[in-house]
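Visitor: Please take a close look at one part of this structure, and then carry on from there in a single connected account.

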Amino acid sequence: MIHRTKRLGTALVILLSTLSLGACDRDTYTSWNCTNAQGEKISMVLKKAKMQFQNQQFDYCGSLGPLSYFDSQCPAQIQDSSKIFNTTSGQLFSNGSELTCNAL
């Protein structure tokens with residue numbers, strides 16, 4: 001009985017290890033539907049430390065509170081980034097324009 005329980009425990013450890021390693025390979029991303037002042041819909045994807053927006057990719061520069069900053073080349077002052085995203089309200093500020101985004 002003890003030998004059988006030990007084998008079952010070993011098999012369970014191997015199974016859980018395999019499942020946890022498989023989960024590490026998955027990319028985490030969030031897709032957003034953004035609307036500008038003219039009512040045009042633009043998609044945005046946040047994937048790991050990147051923002052994909054208007055067929056361009058921007059690097060994550062940092063965060064201050066709910067604001068996340070993205071740019072193609074992060075400036076010395078992250079507040080000067082070309083893309084500022086408010087993760088709480090879904091507001092995206094892009095080169096002086098304001099968009100409202102909803103997670104899909």
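Guide: C61 has a relative accessible area of 17% and is therefore buried (under 20% is buried, over 50% exposed and anything in between partly exposed, with a 1.4 Å probe and protein chains only). The model is a predicted one, in which local features need pLDDT of at least 70 and side-chain atom pairs pLDDT 80 or more, whereas totals for chains, interfaces and linings use all residues. Residues are numbered from 1 along each chain as its sequence is written, and side-chain values use heavy atoms, without hydrogens or water.

The partner of C61 is C74, to which a disulfide joins it with an S to S distance of 2.1 Å (the cut-off for the two cysteine sulfur atoms is 2.5 Å). The torsion about this S-S bond is about -90°, so the link of C61 and C74 is left-handed. Because C61 belongs to strand 4 (residues 56-64) while C74 sits in the loop between strand 5 (67-71) and strand 6 (83-86), the pair ties together parts that are 13 residues apart in sequence (strands are DSSP runs of E, at least two residues, numbered from the N terminus). C74, at 39% relative accessibility, counts as partly exposed.

This is one of two disulfides in the structure. The sulfur atoms of C34 and C101 also lie 2.1 Å apart in a disulfide, but here the bond is right-handed, with 105° about S-S. It links distant parts of the chain, since C34 in strand 1 (residues 29-35) and C101 in strand 8 (residues 97-103) are 67 residues apart. C34 and C101 are both buried, and when the bonded cysteines are numbered in sequence order the pairing reads 1-4, 2-3.

In W32 and F85 the arrangement is edge-to-face, at 4.9 Å centre to centre with 75° between the planes. Since W32 lies in strand 1 and F85 in strand 6, this pair ties together parts that are 53 residues apart in sequence, and both W32 and F85 are buried. Y60 and F70 are edge-to-face as well, at 5.7 Å centre to centre with 65° between the planes. With Y60 in strand 4 and F70 in strand 5, the parts tied together are ten residues apart in sequence. Y60 is partly exposed, its relative accessible area being 38%, whereas F70 is buried at 5%.

Beyond its neighbours within four places in sequence, L92 is in contact with residues including C34, C101, M44, F53, K83 and F85 (contact is heavy atoms within 4.5 Å).

S94 lies in strand 7 (residues 91-94) and is buried, with a relative accessible area of 7%. With neighbours within four places in sequence left aside, S94 is in contact with F53, S82, K83 and L99.

Definitions and conventions. Helix = DSSP H or I, 4+ residues; strand = E, 2+ residues; numbered from the N terminus. Phe/Tyr/Trp six-rings, centres within 6.5 Å; stacked < 30°, edge-to-face > 60°.
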